[in-house]
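Good morning, colleagues. I would ask you to keep the structure in view while I go through a few of its local features.

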Amino acid sequence: MAGITQVSSNKCFGGHQKVYSHESEELKCKMNFSVYLPPKAEDAGVKLPVIYWLSGLTCNEQNFIQKAGGQKLAASHGCIIVCPDTSPRGCNIEGEEEGWDFGTGAGFYVDATEEKWKMNYRMFSYVTKELPLLISSNFPADPSLMSIMGHSMGGHGALICALKNPGLYKSVSAFAPICNPVNCPWGEKAFSGYLGSDKNLWKEWDASCLAATYQGPPLQIFVDQGEEDQFLKDGQLLPDNLVESCAKAGVPIILRKQAGYDHSYYFIATYLEDHFTHHAKFLQ
């Protein structure tokens with residue numbers, strides 16, 4: 001396989017859950033990503049749709065594949081799941097290991113512009129350009145059939161990847177996404193660090209701001225939010241702001257508020273099947 005090294009492989013629901021490493025051109029470091037290949041991937045000449053999952057703060061390529069139960073759903077739908085890491089690793093940048101919500105494990109899926117971070121912290125370009133090219137070059141993936149979803153910071157990432165690249169993804173969904181980072185503490189910390197003090201630049205990486213001006217092909221956004229999510233109560237997620245922006249721009253959005261559910265993977269595992277069903281409609 002060109003440019004990638006297999007780290008692990010486990011049979012799962014008739015397919016294989018694999019992890020690979022590679023030297024990233026965008027991030028200038030070694031990166032891991034996971035790939036679930038459904039049983040259908042072994043059919044001769046087949047090209048399968050791909051769903052990208054972006055994880056949240058402190059996570060890596062392992063969290064979704066160990067906790068969410070997505071392999072069974074991917075096997076039944078005949079799609080590949082790809083999970084990248086959440087940031088560059090081991091870049092030896094001063095301050096990258098000091099907090100859980102900035103630096104390592106917290107790349108926020110932006111392309112940094114600040115001098116200190118701009119060489120390595122290019123997760124947006126990694127997820128939307130470098131990684132899809134690696135996947136289509138090494139696996140039976142159809143690059144014209146991609147969807148994207150994520151959780152928390154990764155939900156923010158999924159939303160901005162879709163909104164900033166009209167037509168690249170057939171569909172987008174999110175669990176408890178950071179919907180309006182320019183107006184929440186997590187976003188203010190990350191964006192000031194990676195993007196500098198110009199808040200107009202911040203808006204280019206904010207789903208609520210992007211949705212308000214979206215003019216691409218039809219894109220239906222699907223969001224699940226637990227009502228007992230402490231980060232919702234703390235004002236970090238702001239899903240109603242996203243709904244308001246979508247309404248202004250005529251972007252269809254389904255926001256489901258789920259009583260009793262928190263921010264955890266128990267919540268994700270409960271409703272993940274609905275998200276696969278959503279994406280399957282657009283990946284035929």
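**Salt bridges, a parallel sheet and the cysteines**

I begin with Lys 248, which counts as exposed at 65% relative accessibility. Throughout this talk, buried means under 20% relative accessible area, exposed means over 50%, and partly exposed lies in between, with a 1.4 Å probe and protein chains only. The model is a predicted one: local features need pLDDT of at least 70 and side-chain atom pairs count only at pLDDT 80 or more, while totals for chains, interfaces and linings use all residues. Residues are numbered from 1 along each chain as its sequence is written, and side-chain values use heavy atoms, leaving out hydrogens and water.

Lys 248 has a salt-bridge partner in Glu 244, with the closest N and O atoms 3.7 Å apart. By salt bridge I mean a side-chain nitrogen of Lys or Arg within 4 Å of a carboxyl oxygen of Asp or Glu. The two residues are four apart in helix α9 (residues 239-249), which means a separation of about one helical turn. Helices (H or I, at least four residues) and strands (E, at least two) are DSSP runs, numbered from the N terminus. Glu 244, at 47% relative accessibility, is partly exposed.

How many salt bridges does a search of the whole structure find? The search gives ten. Among them is the pair of Glu 26 and Arg 122, whose closest N and O atoms lie 2.8 Å apart. Glu 26 sits in the loop between β2 (15-24) and β3 (29-37), and Arg 122 in the loop between β5 (80-84) and α3 (123-138), so this pair ties together parts that are 96 residues apart in sequence. Glu 26 is buried at 19%, whereas Arg 122 is partly exposed at 24%.

Asp 274 and Arg 256 also meet in a salt bridge, at 2.8 Å from N to O. Because Asp 274 belongs to helix α10 (residues 265-282) and Arg 256 to strand β9 (residues 253-258), the pair ties together parts 18 residues apart in sequence. Asp 274 is partly exposed at 32%, and Arg 256 is partly exposed at 25%. Salt bridges with shared partners also join Glu 26, Asp 111 and Arg 122 into one network.

Let me turn to the strands. Strand β6 (residues 141-151) pairs with β7 in the parallel sense over four bridges; two strands pair if DSSP finds at least two bridges between them. Ile 148 stands opposite Val 172 in β7. From β6 the chain passes through helix α4 (residues 153-164) to β7 in a right-handed β-α-β crossover. Right-handed here means that, with the strands pointing away from the viewer, the path from the first strand over the helix to the second runs clockwise.

β7 also pairs with strand β8 (residues 221-226), again parallel and over four bridges, and Phe 222 in β8 is the bridge partner of Ser 173. In a regular strand, side chains alternate between the two faces of the sheet. In β7 (residues 172-175), Val 172 and Ala 174 point one way, Ser 173 and Phe 175 the other, and all are buried.

Finally, how many disulfides are there? With a disulfide taken as a pair of cysteine sulfur atoms within 2.5 Å, the count is zero. The sulfur of Cys 12 has its closest cysteine sulfur in Cys 83, 12 Å away and therefore too far for a bond. For Cys 79 the closest is also in Cys 83, at 11 Å, again too far. Cys 12 is buried at 18%, and Cys 79 is buried at 4%.
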